[in-house]
Amino acid sequence: MLKKVFVFLLFIALILITEIIVFSVDKIRNDNRLSLVVADLNKAMELIFNGALISSEVLKEYVKVSGDNNITREKFEQISQELLKSHSQVDSILLLPNGVVSYVYPHTGNENAIGYNVLSDENRKRGSMEAISKDDVIIIGPLKLVENNKPAFLVRRTIRNSNGFWGVSTSVVYLETILSTIESVVSKHGIEDYYIAGYNPDTQEDYEKIIISKGDVEKIELLSVVNIFNTKWQFSISKINTESYVKIFLFLSLLGFLLLFLLPSIRYCKKYEGSEREKRILENDAYTDYLTGLSNRRGFEHRISHLDTSVTNGSVAIFDIDFFKKINDTHGHDVGDSVLVGFANLCKMHISDSFVLSRSGGEEFILLMPLTKIEDAKVQCERLKIIISKEKFTLDTAVIGITMSVGLAFFTHTKDIKVALTLADKALYRAKQEGRDRVCIG
Ligand SMILES: Nc1nc2c(ncn2[C@@H]2O[C@H](COP(=O)(O)OP(=O)(O)OP(=O)(O)O)[C@@H](O)[C@H]2O)c(=O)[nH]1
């Protein structure tokens, strides 16, 4: 069950890690793509704007060096042709002495503009008046041109001579030119779904008007801003999301990587656990008496070497069943074994939990009584001796009563337990000598 929960949690963790990696990578890819395309768009727009600026500037200089009487349509067209060749994204060029369109290039298709007085048009007057007063570059748009109704940006340059305001030169960039430039930059970056929102020239509200929208608008999520002449347009593109098969591949790779490192570790841990368990079993076997389940002599020694440091003194007793050989001889070895087991169980039942009972060999047992004075230990042993002598061990073939002799000694330090055992052994010998079924102190 625990194993299943672990595997389940491992899978959940791997799915989460996969999602986090994919999310982070997608975010980096999307942020990079958006900032790269916006940088390219800004560069492209700057190029168009500079072309328009240079064209109107050159025209201004031409007017200034020519003087009023020397401006001819041929000369204007010659210069304009050269300018549009160098700045191909500028769509037309106009010259407006006193604010009236008098020269336009290309002439064909734009002739309707000739004679148009921008100072009398409320929409254009604002920009023109600014040009008159500020002696500066004025950008207007996007607005619909009188000559062909196309929405466009106008870059105007004020021209002054010795008499003051002469007029303005104007470079025209159609909105469609800007949009087709945007389209080529965007497609170069492999973006298929995007839209652009700009301000509405009628209400002057920012981003109110969707200027262009391509592809699946539902997918569009990432927003940024592009500088188009003197305005800012909102530019939005769709997000790129890692394909499902890439996610699955990543998940499987992580799983494989994990298994590659985890499985050998699990196997090693299991092996280590197994060998530790075996070691414990062997240790336990080595320290345990197979017949009674008590500690054997080695187990007893191990226990005293690991006694709590609070045990500074106590008593030890050696129990020996009287005339045990006779039981073996009379009833057989198996009956003798059963008597040993019964004796051990009875002792265990009647001693304190803090005491340690072991079988040291044959029919001999050791009882360690930590922090027990010799007088108290004697009382305990006497009590136990009486219990044993009153007990009848009922076996298949016989009912056997036994007595035991006890040798007792006291130790003042745990390192003296072995000395105390020698004394207890001598006391036991005395108990046997004095007639058995008694407790003697060494
Ligand atoms: N059934 C059985 N007998 C054992 C075991 N270990 C030792 N013995 C026997 O225990 C007997 C001990 O006899 P002795 O040392 O002569 O002592 P005793 O007969 O108890 O007499 P005293 O100790 O002098 O009262 C021997 O016959 C051993 O063979 C055992 O695991 N099982």
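Tutor: This is a predicted model, in which local features need pLDDT of at least 70 and side-chain atom pairs count only at pLDDT 80 or more, while totals for chains, interfaces and linings use all residues. Residues are numbered from 1 along each chain as its sequence is written.

Student: Which residues of the largest nonpolar core touch the most other members?

Tutor: Leu41, Leu94, Leu95, Ala152, Val172 and Val173 do, out of 49 residues in that core, and helix α1 (residues 2–66) gives the largest share, nine residues. A nonpolar core is a set of buried Ala, Val, Leu, Ile, Met, Phe, Trp, Tyr and Cys residues joined through C-beta atoms within 7 Å. A second, separate core of 41 residues includes Ile318, Leu340, Ile366 and Ala377.

Student: What makes Ala377 of α9 count as buried?

Tutor: A residue is buried if 20 or more other C-beta atoms, placed from the backbone, lie within 10 Å of its own, and exposed if 12 or fewer do. Ala377 is among the buried residues of α9, together with Gln380, Cys381, Leu384 and Ile388, and therefore meets the cut-off of 20 or more.

Key
Helix = DSSP H or I, 4+ residues; strand = E, 2+ residues; numbered from the N terminus.
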